[in-house]
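I opened this model to look up how its chains are folded and divided. My notes follow the display.

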Amino acid sequence: MHRKRLWNVLDYLLLSATAMLFIAPVLFMVAGSLKPDARVLSEMDSLRAVLPAEIDWQNYRDVFARIPFGRYLWNSALINGLIVGLGLIVNALAAYALARLSWRGRTVILAGVLALLIIPFEAIAVPLFYQLSALGWRNDYLVQVFPFVANPLAIYLFYSFFLGLPRELEEAARVDGAGILRAFFVIVIPNAKPVFATVAIVTFLLYWGMYLWPLLMTVDDGVRPLPLAIATFYTLPPVQWGDILAFGVMMVLPVLVIFIAFQPWFVRGVATTGIK
Amino acid sequence: MSRVTFTHISKRYADGTQAIVDLSLSVADGELLVLLGPSGCGKSTLLRMLAGLESPSGGEIRIDDMVVNDLDPQQRNIAMVFQNYALYPHMSVRQNLAFPLKMQRLRRRAIEERVRTVAERLSLLELLDKQPKALSGGQRQRVAMGRALVREPKVFLMDEPLSNLDAELRLQIRQDIARLQRDTGITTLYVTHDQVEAMTLGRRIAVLKRGVLQQLATAHELYARPANTFVAGFIGSPGMDIFAAILHRDEQGYAVEIAGRSLSLRDSGYAEEVLSPFDGKTVQAGVRPEALRLVRGDDGDVHTLSVTLAGVERLGHEVIVHFPAINRVGGSQAEHSARLAYQDVLQIGETVKLGLSVKDLYLFDPNGSALPRVGDNVSPTATD
């Protein structure tokens, strides 16, 4: 009995230590953003690194004074909203066609989609840059959204989830009088919420921090997203760590909110896509 | 009210599997026809082709006089009950029942009314606001039936609707289905692998094996005049025992030799001209397990088989014994059985004599097709 309790305590200690590894940087960022610039680095080696002595909002005021933060936030939100929203529709429909309809070339296309998973974006960034520049797509929202709507990872996640859904549900809907699209929207989608939440979160996380592509394709602050804005703090002297951390907090916050909102479905989604 | 006709239907899947072979069959208006066969015999495929969920590789499917081969499922006005019920998990019972009506764009008032009527008929009123996952198996089954009935379809399809229920419930719902079908008069195709279900529900039963229609007949005919050795072995519990037998002629006419003893066919009901083509050849002789009886002591003039029991199952009202096949030929049964009276005390390993009467003997040609008896006037696959 005693032995069991001892192991329990050890378990919790180990888990807490691991959790700290992940939480510490976030705590450091939040604490750093709330104290005068000079103290951020000087208090690194004390407990004050994560526990500020007093709360000072000056860094946040600085961020808004030095750059049009609201504009960047709006740009990021719009670009990511479009990528995620359009992506859910396009990728879900593509995956449904691959999972359920029978057509010539289906297996080849499926293999092609899966093969795309292993190609890193950096490998195609330059050709894509030339291609879209030739189309005259530069320096706008479209060029930051369009290449990322169709996403092999999203298609794969949808595809494996749809395969696990009982086919009889759609067949029953067909016999009951629904067409293919109607059956998809009325029967499949309501039963696939976990995978929609998963794909939404995964793609949002993937593109919220996107840096290389907007740097290549945009010059105008009016259309640039947050990750490019934070870079200006390193290039505009003086480098003020408090400002950078305050910016960081404000950039992470939307991700956190979205994750917490979708989290119950997300966890279930990961579980079911894994098993089925 | 509708008639369903399959004409020379075949179905071959992309992987080359032949699911249905040149099958013709018609279902009369208002009839409940049962498709019976072991798993993989193509019975579900046939049902799914009628529903429009699969398309035939050849042949024609008609509902009344309309060819429906190329119609989408939603254009056929057919309702189907699936083996796992396929209730929409995100909808309440009420919404499940209303779904087919919504697809028909009925007015809300009319939908409510029809849902209510069906719910009343199937005693679902208290369950209308529940979600499917809160229902028991029997309740789910009733909802699935209700969803199929609600829009008064032309044809009603049921794909093993009772196989997920326990025995007691199965019996009760079987009777409910029979009554509902009689009351509504909707043409129904019912798929099952359970012969008891088939025999109690269908006036006519179509027996399928590997995509080929073996026999279409009433329960009584399937039992009393099986068209071939497959039907003979499939119908009955256990099925007919089939032995290899040599047909020959002696002074008293034709006789068969089973297990080294000759049995005269004089009173068998088989005419000489039916038997003569097989003179000297090996045919197949069948006998129902319930037609065999235990003979103690002297045989007298009874034809007996001497067998060593390999299994004894006491069922209370009777005893079923199993014994190794007699004169086994390639592909035939490895074991035979007999249904004996419950008073018979028997042990495994015991050697006993089982008597059979020539009147209970069925003869099949070497390919397994039944030889016609005097007075038989059934062609094996009559369509009506």
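**Chain A**

I counted 14 helices and zero strands in chain A, where helices are DSSP runs of H or I of at least four residues and strands are runs of E of at least two, both numbered from the N terminus. This is a predicted model, in which local features need pLDDT of at least 70 and side-chain atom pairs count only at pLDDT 80 or more, while totals for chains, interfaces and linings use all residues. Residues are numbered from 1 along each chain as its sequence is written, and chains are lettered from A and ligands numbered from 1 in the order in which they are written.

I then looked up the pattern along the sequence of chain A, which reads α-α-α-α-α-α-α-α-α-α-α-α-α-α. The radius of gyration of chain A is 23 Å, well over the 19 Å from the globule rule for 276 residues, so chain A is more spread out than a compact globule; the radius is taken over C-alpha atoms, and the rule is 2.2 Å times the number of residues to the power 0.38. Along the principal axes, the C-alpha atoms of chain A fill a box of roughly 70 × 70 × 30 Å.

**Chain B**

I found chain B divided into domain 1 (4-224) and domain 2 (229-364), with bounds that come from an automatic or database domain assignment. Their C-alpha centres lie 39 Å apart. Seven residues from domain 1 of chain B and five residues from domain 2 of chain B make the contact, counted when C-beta atoms, placed from the backbone, lie within 7 Å.

Methods. Contact = placed C-beta atoms within 7 Å.
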